[in-house]
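Here is a friendly walk through one protein chain. Please keep the sequence and the 3D view open as you read.

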Amino acid sequence: MRDSPWMASEDLEGINSIDSVIANVYKNRDVEFEGGRSKDVVYSLEFSKAKRQLVLNGSNRKTLVGLYGADVKNWIGKTITVYVEEGIKVGRDIKKGLRVRASKETNQAKTQEKSKAALDSLKKS
């Protein structure tokens, strides 16, 4: 078992994806990863029922901004799906990596909002 505070694709081996509630968003400074790789600043998500945090890469950060806006305070309490994707570029290597997307619950809520808005606009006509 890995001794790391960070989630990795191996953590979802055999599961492939999990729905998780965002408990907090952190800005971490001077972070060292396995293999000696380091970063001055790393943003991460803490989940309500997970031991490890998810480091936010550019793709995952853009996905969350698209879903919930740029104010990270709005992300807390939201449910997202974390899943494994093949072919992710990590440094110079191509590996499995973690990605995020809207959970089915979030997609259903957005669909209901759009449907209600469409019906409301028809009623006003």
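Predicted model: local features only at pLDDT ≥ 70, side-chain atom pairs only at ≥ 80, totals over all residues.

The report below covers confidence, salt bridges, a serine and the nonpolar core.

**Confidence**

The protein chain has an average pLDDT of 87, and 86% of its residues score at least 70. Strand 3 has the highest confidence, with a mean of 96, while helix 2 (residues 104–124) has the lowest, at 66.

**Salt bridges**

How many salt bridges does the structure hold? There are 2, and the table sets out their partners and distances.

| Salt bridge | Distance, N to O |
|---|---|
| Asp11 and Arg52 | 2.6 Å |
| Arg99 and Glu85 | 3.9 Å |

The side chains of Asp11 and Arg52 join distant parts of the chain, 41 residues apart. Asp11 belongs to the segment before strand 1 (17–32), and Arg52 to the loop between strand 2 (38–47) and strand 3 (54–55). Asp11 is partly exposed, at a relative accessible area of 28%. Arg52 has a relative accessible area of 14%, and because the cut-off for buried is under 20%, Arg52 counts as buried.

In the other bridge, the side chains of Arg99 and Glu85 meet. This pair, too, links distant parts of the chain: Arg99 lies in strand 5 (residues 93–102) and Glu85 in strand 4 (residues 79–90), 14 residues apart. Arg99 is buried, with a relative accessible area of 15%, whereas Glu85 is partly exposed at 30% relative accessibility.

**Ser4**

Take a look at Ser4, in the segment before strand 1. Is Ser4 buried or exposed? With a relative accessibility of 14%, Ser4 is buried. Its side chain comes to 3.1 Å from the backbone nitrogen of Trp6. Leaving aside residues up to four places away in sequence, Ser4 touches Glu34 and Arg52; Arg52 is also the salt-bridge partner of Asp11.

In soluble globular proteins, nonpolar side chains tend to be buried together. Here, the largest nonpolar core has 18 residues, and Leu45, Leu64, Ile80 and Val82 have the most contacts inside it. Strand 1, strand 2, helix 1 (58–68), strand 4 and strand 5 each give two or more residues to this core.

Not counting residues up to four places away in sequence, Val82 touches a set of residues including Met7, Leu12, Ile18, Phe47, Leu54, Leu98 and Val100. Arg99 is among the residues that Val82 touches, and Arg99 is the residue that pairs with Glu85 in a salt bridge.

Definitions and conventions. Residues numbered from 1 in each chain as written. Heavy atoms only, no water. Salt bridge = Lys/Arg side-chain N within 4 Å of Asp/Glu carboxyl O. Helix = DSSP H or I, 4+ residues; strand = E, 2+ residues; numbered from the N terminus. Buried < 20%, exposed > 50% of the residue type's maximum accessible area, 1.4 Å probe, protein only. pLDDT = per-residue confidence, 0-100. Polar contact = N/O pair within 3.5 Å; in protein donor to acceptor, adjacent residues only side chain to side chain. Contact = heavy atoms within 4.5 Å. Core = buried A, V, L, I, M, F, W, Y, C linked by side-chain atoms within 4.5 Å.
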